[in-house]
Amino acid sequence: MIIGKKIPDVTFHTRVRDESIDDPNPFRWQDMTTDDYFSNKRVVLFSLPGAFTPTCSTFQLPNFEKLYSEFRQLQIDAIYCLSVNDAFVMNAWSREQKLKNVILIPDGSGEFTRKMGMLVYKDNLGFGMRSWRYAAIINDKIVEKWFEEEGFSDNCNNDPYFVSSPQNILKNLQETKEKDGMH
């Protein structure tokens, strides 16, 4: 993805809690679009190979959650985690992680990930098609900054994680703010 490019327009099939449903599982389908998530907002989007996977669950997602207020201080309106997983898996992962701040976006069919040019085969792990690990600052649907892990390839034998870490993105935003403040 190139800085300055518009992100793709897609519809995400989500499940949302609806207390008006008299059922032990009070959720309903709700389609959300790229516009719903990204229009008129400056956000951090990070995408990863899969919900419940070790690096994602131990480091990346929990640290974005912990550092949320620091991102907000740097004019970030929301933090989104996207994965090629369905809404049921993403909701279960959100509950397991006790998320209050980071919003999970299910890209179940991989449409957004494919259109971003980040869909890779992970057959070597039994995953099928998944997202390469990356992050971006997106301002009103335009890519402002891009953080892609090295080694983009199908069936990669390792899972690089540094460039898209919340600590690295936060550092980059802080340095940009300081640099801009000097002028």
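A residue is called buried when its relative accessible area is under 20%, and exposed when that area is over 50%.

**Figure 1. The whole protein chain in a predicted model.** By this criterion, buried residues account for 49% of the 183 residues in the protein chain. The chain contains 6 helices and 9 strands. Its radius of gyration is 16 Å, close to the 16 Å given by the globule rule for 183 residues, so the chain is as compact as a globular protein of that length. Along the principal axes, the C-alpha atoms fill a box of roughly 60 × 40 × 30 Å. Of the contacts between residues at least 6 apart in sequence, 63% join residues at least 24 apart.

**Figure 2. Surface and charges of the protein chain.** The accessible surface is about 9,400 Å², and carbon and sulfur atoms contribute 50% of it.

**Figure 3. The aromatic pair of Phe38 and Tyr80.** The whole structure holds 12 aromatic pairs. Phe38 belongs to helix α1 (residues 34–38) and Tyr80 to strand β4 (residues 78–83), so the pair ties together parts that are 42 residues apart in sequence. Phe38 and Tyr80 are both buried.

**Figure 4. The aromatic pair of Phe38 and Phe112.** The ring centres of Phe38 and Phe112 lie 6.3 Å apart with the planes at 0 degrees, so this pair is stacked. It links distant parts of the chain, since Phe38 is in helix α1 and Phe112, 74 residues away, is in helix α5 (residues 111–115). Phe38 and Phe112 are each buried. One aromatic cluster is formed by Phe12, Tyr37, Phe38, Tyr80 and Phe112.

**Figure 5. Phe52, a residue with positive phi.** Phe52 is not a glycine, yet its phi is about 70 degrees. It sits in the loop between β3 (42–48) and α2 (54–66). With 44% relative accessibility, Phe52 counts as partly exposed.

**Figure 6. Lys98, a residue with positive phi.** Lys98, which is also a residue other than glycine, has a phi near 55 degrees. Its place is the loop between α4 (87–97) and β5 (103–106). The relative accessible area of Lys98 is 62%, so this residue is exposed.

Terms used: Residues numbered from 1 in each chain as written. Predicted model: local features only at pLDDT ≥ 70, side-chain atom pairs only at ≥ 80, totals over all residues. Heavy atoms only, no water. Helix = DSSP H or I, 4+ residues; strand = E, 2+ residues; numbered from the N terminus. Rg over C-alpha atoms; globule rule 2.2 N^0.38 Å. Buried < 20%, exposed > 50% of the residue type's maximum accessible area, 1.4 Å probe, protein only. Contact = heavy atoms within 4.5 Å. Areas by Shrake-Rupley, 256 points an atom, 1.4 Å probe, with all protein chains shown as cover. Lys, Arg positive; Asp, Glu negative; His and termini not counted. Charge placed at Lys NZ, Arg CZ, Asp CG, Glu CD. Phe/Tyr/Trp six-rings, centres within 6.5 Å; stacked < 30°, edge-to-face > 60°.
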